[in-house]
Amino acid sequence: LYIDNDLELAEELLKKANEYPINQAYTALANFYLGEIEHRKRDFDSSIQYVNKFLTLENILESDFLKVEPKMAYYLQGYNYFKLNDFRLALNFFLQAAEMMRASQNTDRADRINRRLYADVIVRIADCYFKENNYNSAGNYYGVASNIDFPSRDYAYFQRSMILGLQGKPYEKIVLLEEMIQETPSSEFIDDAFFQIGEAQLALNNSSESERAFKKILNYRNETDLTIRALLKLGLINYNKGDLNKAIEFYTQIFDYNPSNTEAQEALVALEEIYIEDLAQADAFMKIIEDNTGYKLSDLERDSLSFVAAQNKFENGEYIEAIDSYTSYIGRYPNGLNRLRALYNRAESNTILKKYSSALPDYEAIIDYGRSQYYEDAILKSALICYNDLQNFKRAFNFYALLEDVSLDEKMVYNAQM
């Protein structure tokens, strides 16, 4: 019944078998399959209870009496905790399952199923380490998995490359992604790989290589989830090169792919900057709006449109582009509704990129505006930059003194006094 996927009737009979146990081996078997059924029903807590009962009996009985290999129970239990986002416990069970699988390789027939099962456990171990921010261990396990021929090999490659990026190793990241493309040419991550290569090359100021990577997304398939993002990147690259006509071409293409409101706004903001700020062709810009949206923008809407595009970059972690977009917004709308938030987020972006001297003027501008939701944090950040980065202790002291006077946060005041 279980094999035939009649889970309801199988569960009923297995529970009856547990009520009238013949021997412990059959009880263990019933509990294991009940754990499997509850897992498939996504009742992970119940599945955990049944698997625990199986593992308790597994410690008592000889393995020859168990009709299920214990490694499968540890594998299942790992997934139960993984689905519940308890990655530490999941890791413990996956590690034990992997050890059992390695120990049984000499006796098991090395068939494709066993290899895939082992590889899947290794990937899940890597995922758990990744979720726990243990990037070194995660990268090592993704590396092991990427050397095994199994369906998720491309995922292991891709995740390992992302870790290299997080570790500040862009060249190694690019090399690994190019290896992934070569080794798994049919992967569903190919477009993601090209996009990440483009991002990495852009961060390294290799705009021509970056452009080549983003163009491969356009040519690889008719359309992917990354097509519009690639077009936005290509528009920006060509704009920065000074090829405004090419930039317009890429930005305008976005409207052929049913963009979301945010994506359309980002493209329109870029086109507005080109047509109005660079080319002084307001009519051409308005025509694009009318052709693609049928709408005329008011000043208030232009303010919002420009800010949303910048905010989208910030929230996506594209801090270099966010700084450029916020700068454009602040320059065009110095008294705009979102000016303080734009100043603060531009400062935060520079801080994240460790460009402290560029962040400080924005924090100071926020302070000059007077009390706001960003006021106290701007004072604190200014003090920290002056003290730790610029080592201008007099300015740092002035900021700390100001913070002590204005803050109602006792902890913040205490830190300022220290």
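**Entry 1: the second pocket**

I started with the second largest pocket, which is lined by 19 residues, with L236, Y251, A270, E273 and S325 lying nearest its centre. The elements giving two or more residues to that lining are α12, α14 (261–278), α16 (299–315) and α17. I looked up the top contributor, and α17 gives the most, with 6 residues. By class, I found 9 nonpolar, 4 polar and 6 charged residues in this lining. Its volume is about 340 Å³.

For my own record, this is a predicted model, in which local features need pLDDT of at least 70, side-chain atom pairs count only at pLDDT 80 or more, and totals for chains, interfaces and linings use all residues. Residues are numbered from 1 along each chain as its sequence is written, and side-chain values use heavy atoms, with hydrogens and water left out.

I also noted the terms. Over the protein atoms alone, on a 1 Å grid, a pocket is an open set of points with protein on both sides within 12 Å along at least five of seven lines, whereas a cavity is a set of points where a 1.4 Å probe fits but cannot get out; lining residues have an atom within 4 Å of a point. Grid points are joined across faces, edges and corners, and a volume is the space filled by probe spheres set on the points. Ala, Val, Leu, Ile, Met, Phe, Trp, Tyr, Cys and Pro count as nonpolar, Asp, Glu, Lys and Arg as charged, and the others, Gly among them, as polar. Helices (H or I, at least four residues) and strands (E, at least two) are DSSP runs, numbered from the N terminus.

**Entry 2: the largest pocket**

Next I went to the largest pocket, with a volume of about 1,000 Å³. I found 36 residues lining it, of which K173, E199, A200, A203 and G317 lie nearest its centre. Two or more lining residues come from each of α8 (153–166), α9 (170–183), α10 (190–203), α12 (227–241) and α17 (319–332). Which helix gives the most? I found that α10 does, with 7 residues. The lining divides into 16 nonpolar, 10 polar and 10 charged residues.

**Entry 3: α12, a helix on both lists**

Among the buried ones I noted K233 and N238, along with L236, a residue I had already listed close to the centre of the second largest pocket.

I then checked its length. The end C-alpha atoms of α12 are 21 Å apart, which agrees with the 21 Å that its 15 residues should span at 1.5 Å a residue. The expected span is 1.5 Å times one less than the number of residues. After α12 comes G242, with a positive phi near 90 degrees.

**Entry 4: α18**

K354 follows α18, and its phi is positive, near 65 degrees.

**Entry 5: two loop residues with positive phi**

Most residues other than glycine have a negative phi, and I looked up two exceptions. R42 is not a glycine, yet its phi is about 70 degrees. I found R42 in the loop between α2 (24–40) and α3 (44–58), where it is exposed at 56% relative accessible area. N258, also not a glycine, has a positive phi of about 50 degrees. N258 sits in the loop between α13 (244–253) and α14. Is N258 buried or exposed? At 72% relative accessibility, N258 counts as exposed.

**Entry 6: L402**

L402 is in helix α21 (residues 393–406) and is partly exposed, at 26% relative accessible area. Leaving out residues up to four places away in sequence, I found that L402 touches I367, Y375 and I379, a contact being heavy atoms within 4.5 Å.

**Entry 7: the whole chain**

I finished with the overall tally. The chain comes to 22 helices and 0 strands, and 47% of its 418 residues count as buried.

How values were computed
Buried means under 20% relative accessible area, exposed over 50%, partly exposed in between (1.4 Å probe, protein chains only).
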